[in-house]
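This briefing is meant to be read beside the sequence and the 3D view, with both kept open while the points below are followed.

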Amino acid sequence: MYGSGRIISALLVFVGLVTFPIWYNAGKAQQPPVLQMPAAEHPECVRDVLYMRTSHMVLLNEWRDDILRKSGPRFGVTTGGVRYERSLQKGCMSCHRDKQNFCAQCHVYTAVDPNCWDCHLEPTSEEALLSWTNEEVILNEEVILK
Amino acid sequence: MADTKVAEMKAKVVTEPSLITGAVPTGNWWEVEAIFKPGNYCYPAKKSIVEYHRKNLSGIFGEPRDWDVESDDWQLPENWQEIIIDGIKERLDKFRSLKVFMDCCVRCGACADKCHFFLGTGDPKNMPVLRAELLRSVYRNNFTLAGKILGEIAGARPMTFKVLKEWFMYYYQCTECRRCSVFCPYGIDAAEITMMGRELLHLVGVNTNWILEPAANSNRTGNHLGLQPHTFKENAEFLLDDIEEATGVRLQSLSFNRKGAEHLFVIPSADVFADPGIFTFMGYLLIFDHIGLDYTISTYASEGGNFGLFTNNQLMKKLNAKIYAEAKRLGVKWILGGECGHMWRVVHQYMDTMNGPADFLEQPKSSITGTVFTNAASTKMVHINEFTADLIYHNKLKIDKSRNDHRVVTYHDSCNPARGMGLLDEPRYLLNSVCNNFYEMPENTIREKTFCCGSGTGLNTNEIMDLRMRAGLPRANAVGYVANRHGVNMLSCICALDRATLLALNQYWNPEVEVCGVSELVGNALIMEGEKEREMDLRFAPLTGVEG
Amino acid sequence: MRVLQAFIAVVALILVALVLAQVPGGQVLLGIVLPYLAIIVFLGGFIYRVVSWAKSPVPFRITTTCGQANSLPFIRQNKLDCPSTKAGAVGRVLLEVLLFRSLFRNTQASVHDGPKLAYGSSKWLWLFALLFHYSLLVIILRHMRLFTDPIVGFVLPLKFIDGFLEIGATTIYLSGFILLAAVSFLFLRRLVKPYLRYISLPADYFPLLLLFAIGLSGILMRHVFRVDVVAIKELSVGLTTFTPAISDEIGVVFFVHIFLVCVLLVYFPFSKLMHAGGVFMSPTRNMANNSRMVRHKNPWNDPKIKPRSYAAYEDEFREVMIGADLPVDQELAVAEPEEAAQASTEQAKT
């Protein structure tokens, strides 16, 4: 082999780059998402689990567009007959209360950076949630539209 | 002169259906057969010539025989396919260039319309990419996994007589000018492919006389025409008479085979006997005499032009080796080289490797200006243009620019110095120093993008005149452009082949434009000590102001 | 039809993946076995090819000079297109690799009445080739979000830039669409331009179609048939830590995607895609133009090849040389009378 020094070192760098994830991950504890599930009094979500895993963001956008642009209904009913509010804060987060231990788990794991909280406030406590009025929510949602 | 009249050719290159004029070929390229007819091939080498080469270098020149290119029996050895395949294997192992170039072409097509042969003929197989595919297809068939398994789907084909004919046709429609290599994103160089193709063809005795005979002459007599030493000397001295007639000065410095000279001066031998090279030769002599250079020319190593480059690396080495051998025998300090394209390709990129190290020579240093030519530190050979540019920069030449006023000059970058050496601005520096009227051709046709004269690498033979005029069209067209626009009447260049072939090319396409070497213009502008009042240039053409 | 052969091959591959993804054990094959095999073949094949190139020497320094060489002090060298130092040559190769220097020179020739030849600037190939390669690079780097845990630092800014339009529920990454557009351009140009159609082989269409299918399946699984990205990441990180497991809820489109990527990886070392390695090893580009400054050695240089010796030459021509007053090493009287035949015997010895 001619020019072996340069070529072998270049190949080593190449193999190193291609296998980067292997040695990067090596020895690190994996951090798969651990979701805090809602309390037992909320057994049913608005859609099935697989749909929610892959497409909850589509649903949220649908709600937003439907309510704000087409004056659609603010409430929906699950297949099990449970009435829910079509709202991230007042709907979803009334069951999945802890953003850090629910939303963020998968979002951080897969580097998803949704812009929900650019406008919405994360409910820090029961009081905060209750102190919100509909008007304020609408105001905030108008910000999104802009 | 070409068989086709120029008016007819002018129409043909635009209107006849070809890939360059917009006709769309159908079918697969490998199904189109190469058909030889008079005018599209170079004559095979004479039996005696091949015998001569085989005596000197065994095993690489095939069987000497008389054979007819147009017939379907080339009298090849029985195992010719095996010889070719083994030859490919050997070259893959010897040349990384070949291996890499076989493997990494993506057929992006960037090279396609860069080849002067393609532009002039519109023949798809003159696209450098297809020229390489001619060999690559066989490589795939015998040396790659995909080719062995998938065959034609992978673009592979076996080595057949049909393929061999294609090789002979298209590896002799490439002048190894390297223009394609400039545009290729991987630097794939069709010159390398063509060199390999020709080496392989030689193995089975497929060759051309116009290359092998001059090569044999160069080996035996030291010049490609086969002039004996005394004739060579007489020719050169005859030019001293012409110089005296034009300038009134009898030069005293010319000597031959003189031991102890400071410099061996190596030229393309055509400069001694072929018009207009002889005027370039006069230019060299005037420059040397002007500064009192101590130099000598060797009749033994008088051919810088290396016809071996057009055959195989062994013959190239053998012919080139004379230069160092003679420099050593004469005991010179370092070597100066004249204006020659492929001579300089060999000198710059092969000589030191093949025949060096030149440890018996000194690092070139101009005895006039004291400049050390660091760029030639190892090879110890300096280009006349480098040498002269340095002289002019240091005001060592007395120049009367107006003596070239009757010339409106443009400059043709000869392929090998441009793309095999990077000698671009030295000649321009000279031209700007000695001419008042210098105009560049369009930018896509000069410097590293220069177009070949169309007849390099041993294709400047009369039996393929039409082909040469087509291949030279891109160059001629650019010359015609500046001739029309600026009234250019002189095409300067730094290659002996150019001086011969551009002359024929211009006579065909631009009859108003003459051809010269750069050193001719330098020599013509020199104010020599003891000269008479100049009325004529070195060609005995009247100078501006004395026409009456 | 060469393009048809390539098209059929890609469609067949997609069908194979669709079927395999739905038969028992098929997902393990597509998601675990094949990726391991593919990466081994890719790396092994790549190294094999590069080493096989490296086994052949570079006998001569055959730089293609694309600018003024290093020469006299008052003549300005073009240090990148005609480098005379190692650093310059490295710069030249980098320029080629990072910016496609040579393609940037591209022109388009045309013949007009007269005849007149014209050479117009033609940078489309350069532009789309560059777009293709860089979008591919961005996509590969962006995929590191699925292969690293915790996610490696460069991914977030890259994703941010790539997705700056913030369109869609799942943000659209520009790179994916640029890749599809560039691949489409490169593919269509092969079909539309007669000379390119003439030179194109199935091996030219196939990788373009394969890349298109890979890009499209990727976009589809992000925006149309959305798949469970957490499950995918658990698999891909599992692959890198050698503990792969497949949750049964990954969509079929993912298996098409990963299968085509595996095919690409396996195909890579045995195809023209090796230009990725070749571009670094091309002697006309990676060598400094210093042939006259530094002696380049050829390992197989044959010292037995000698020129016809001066002695043999003088022996053949001594008489005429003396007659022409040319200096000779041996006078005529001393020398034996020589015939041309003898001279050529002498020559044969040399």
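B:Gln228 sits in the loop between α11 (209-221) and α12 (229-247) of chain B, where helices (H or I, at least four residues) and strands (E, at least two) are DSSP runs, numbered from the N terminus. The model is a predicted one, in which local features need pLDDT of at least 70 and side-chain atom pairs count only at pLDDT 80 or more, while totals for chains, interfaces and linings use all residues. Residues are numbered from 1 along each chain as its sequence is written, and chains are lettered from A and ligands numbered from 1 in the order in which they are written.

**The surroundings of B:Gln228**

- B:Gln228 is partly exposed, with 19 other C-beta atoms within 10 Å; a residue is buried if 20 or more other C-beta atoms lie within 10 Å of its own, exposed if 12 or fewer, and partly exposed in between, with C-beta atoms placed from the backbone.
- When neighbours within four places in sequence are left aside, B:Gln228 is in contact with B:Thr221, C:Phe317 and C:Val320, a contact being two residues whose C-beta atoms, placed from the backbone, lie within 7 Å.
- B:Tyr300 is 72 residues away from B:Gln228 along the chain, and the C-alpha atoms of these two residues are separated by 9.5 Å.

**Contacts between the chains**

- Of the 2 pairs of chains that touch, chains B and C have the most contacts between them, and this contact takes 101 residues from chain B and 86 residues from chain C.
- Helix α15 (residues 313-330) of chain B supplies the largest share of the side of chain B that touches chain C, namely 8 residues.
- That side of chain B divides into 48 nonpolar, 26 polar and 27 charged residues, where Ala, Val, Leu, Ile, Met, Phe, Trp, Tyr, Cys and Pro count as nonpolar, Asp, Glu, Lys and Arg as charged, and the others, Gly among them, as polar.
- Between chains A and C, 29 residues of chain A are in contact with 33 residues of chain C, and on the side of chain A it is α3(A) that gives the most, with 7 residues.
- The residues of chain A that touch chain C divide into 17 nonpolar, 10 polar and 2 charged.
- Chain A and chain B are joined by no contact, and their closest C-alpha atoms lie 10 Å apart.

**Chain C as a whole**

- Chain C has 16 helices and 2 strands, and its radius of gyration of 30 Å is well over the 20 Å that the globule rule gives for 350 residues, so chain C is more spread out than a compact globule.
- The radius of gyration is taken over C-alpha atoms, and the globule rule is 2.2 Å times the number of residues to the power 0.38.
- Along its principal axes, the C-alpha trace of chain C spans about 105 × 50 × 45 Å.
- Chain C is divided into domain 1 (2-286) and domain 2 (310-349), with bounds that come from an automatic or database domain assignment, and the centres of these domains, taken over C-alpha atoms, are separated by 65 Å.
- Of the 350 residues of chain C, 45% count as buried.

**Paired strands**

- Strands β1 (residues 107-112) and β2 (residues 116-121) of chain C pair in the antiparallel sense over 6 bridges, two strands being paired if DSSP finds at least two bridges between them.
- β1(C) and β2(C) form a hairpin with 3 residues between them, and C:Gly114 in the turn has a positive phi of about 140°, while C:Ser110 stands opposite C:Ala118 in β2(C).
- In chain B, an open sheet of 4 strands has the order β2-β1-β3-β4, with parallel pairing, and its edge strands, β2 (295-297) and β4 (381-383), each pair on one side only.
- Strand β3 (residues 334-337) of chain B pairs with β4(B) over 3 bridges in the parallel sense, and B:Leu336 has B:Val382 as its bridge partner in β4(B).
- Another open sheet of chain B, with 3 strands in the order β5-β6-β7, also has parallel pairing; β5 (409-411) and β7 (514-517) of chain B stand at its edges, each with a single partner strand, so one side of each is left without a neighbour in the sheet.
- Strand β6 (residues 490-493) of chain B is joined to β7(B) by 4 bridges, and B:Val515 in β7(B) is the bridge partner of B:Leu491.
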